[in-house]
Amino acid sequence: LRKRRPIIVVGHSLGAALASLLTLDLVINHKIPVYDVYSITFGSPKVGNKAFAQMIKLLSFNMFRFVNTGDVVSKVPRFSLVVGKSYSHCGHLVLIDKYGNLLVTPTFLEKYFVHRSALGVAEHRLAEYARRCTKFAASINQDFLPFTETFLDILD
């Protein structure tokens, strides 16, 4: 018997939105067990409506949505004039502040006070996500620093 390996789908910005849709496609249309598929997104815009987000939640998808505090792209789109419905996020929210601190599944108040500060496009850059994740990784293990410094040089 072959050992099953997990499928990890990763994306940033539009790629993050597509990663969310691909994750759903792999489970629904390609019959890959939900526990074998992981979606890790960075700076994703809202992908579907509330029913879509609820379906993802009910099926217990392994979706982790990393968002830099202040990332304006993660706030859009708010409403569709064509369809007349609002958009929603799906997956577990992980907020990353400028110091590399993580807030995993923050409460409404945490989101309101932490994520509303200084919305901007600079916080959406992939290099900024890498910097903040590097700060988090360094706070856990200093041996991780040489690799991440090289990675950051490539992004800049």
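This is a predicted model: local features need pLDDT of at least 70, side-chain atom pairs count only at pLDDT 80 or more; totals for chains, interfaces and linings use all residues.
1. Overall make-up. The protein contains 5 helices and 5 strands. Along the sequence, their order is β-α-β-α-β-β-β-α-α-α. The chain has 156 residues, and 40% of them count as buried.

2. Contacts and surface. Take the contacts between residues at least 6 apart in sequence: 74% of these join residues at least 24 apart. The exposed surface comes to about 9,800 Å². Carbon and sulfur atoms supply 63% of that area.

3. Strand E1 covers residues 7–12, and strand E2 covers residues 37–42. The two run parallel and are joined by 6 bridges. Gly11 has Thr41 in E2 as its bridge partner. With helix H1 (residues 14–28), E1 and E2 make a β-α-β unit, and the unit is right-handed.

4. Thr41 has Arg65 as its bridge partner in E3. Thr41 therefore has a bridge partner in E3, Arg65, besides being the partner of Gly11.

5. Nonpolar patch. Which residues make the nonpolar surface patch of about 350 Å²? They are Ile8, Val10, Tyr38 and Phe64. Val10 lies in strand E1. Its relative accessible area is 52%, so Val10 counts as exposed, the cut-off being over 50%.

6. His124. Is His124 buried or exposed? It is buried: its relative accessible area is 8%, and the cut-off is under 20%. His124 sits in a loop, between helix H3 (108–115) and helix H4 (126–140).

7. Neighbours of His124. Leaving aside residues up to four places away in sequence, His124 touches His12, Ser13, Gly43, Asp71, Val73 and Tyr129. One of these, His12, belongs to strand E1 (residues 7–12). Another, Tyr129, falls within helix H4 (126–140).

8. Points to check by eye. Start with Thr41 in E2, the bridge partner of Gly11. Follow on to Arg65, the partner of Thr41 in E3. Then compare two sites: Val10 is exposed at 52% relative accessible area, whereas His124 is buried at 8%.

Conventions:
Residues are numbered from 1 along each chain as its sequence is written. Side-chain values use heavy atoms; hydrogens and water are left out. Helices (H or I, at least four residues) and strands (E, at least two) are DSSP runs, numbered from the N terminus. Buried means under 20% relative accessible area, exposed over 50%, partly exposed in between (1.4 Å probe, protein chains only). Contact means heavy atoms within 4.5 Å. Patches are made of residues with over 30% relative accessible area and no salt bridge: like charges are joined within 9 Å, nonpolar side chains (Val, Leu, Ile, Met, Phe, Trp, Tyr) within 5 Å. Accessible areas come from the Shrake-Rupley method with a 1.4 Å probe; for residues, only the protein chains shown count as cover. A salt bridge is a side-chain nitrogen of Lys or Arg within 4 Å of a carboxyl oxygen of Asp or Glu. A crossover is right-handed if, with the strands pointing away from the viewer, the path from the first strand over the helix to the second runs clockwise.
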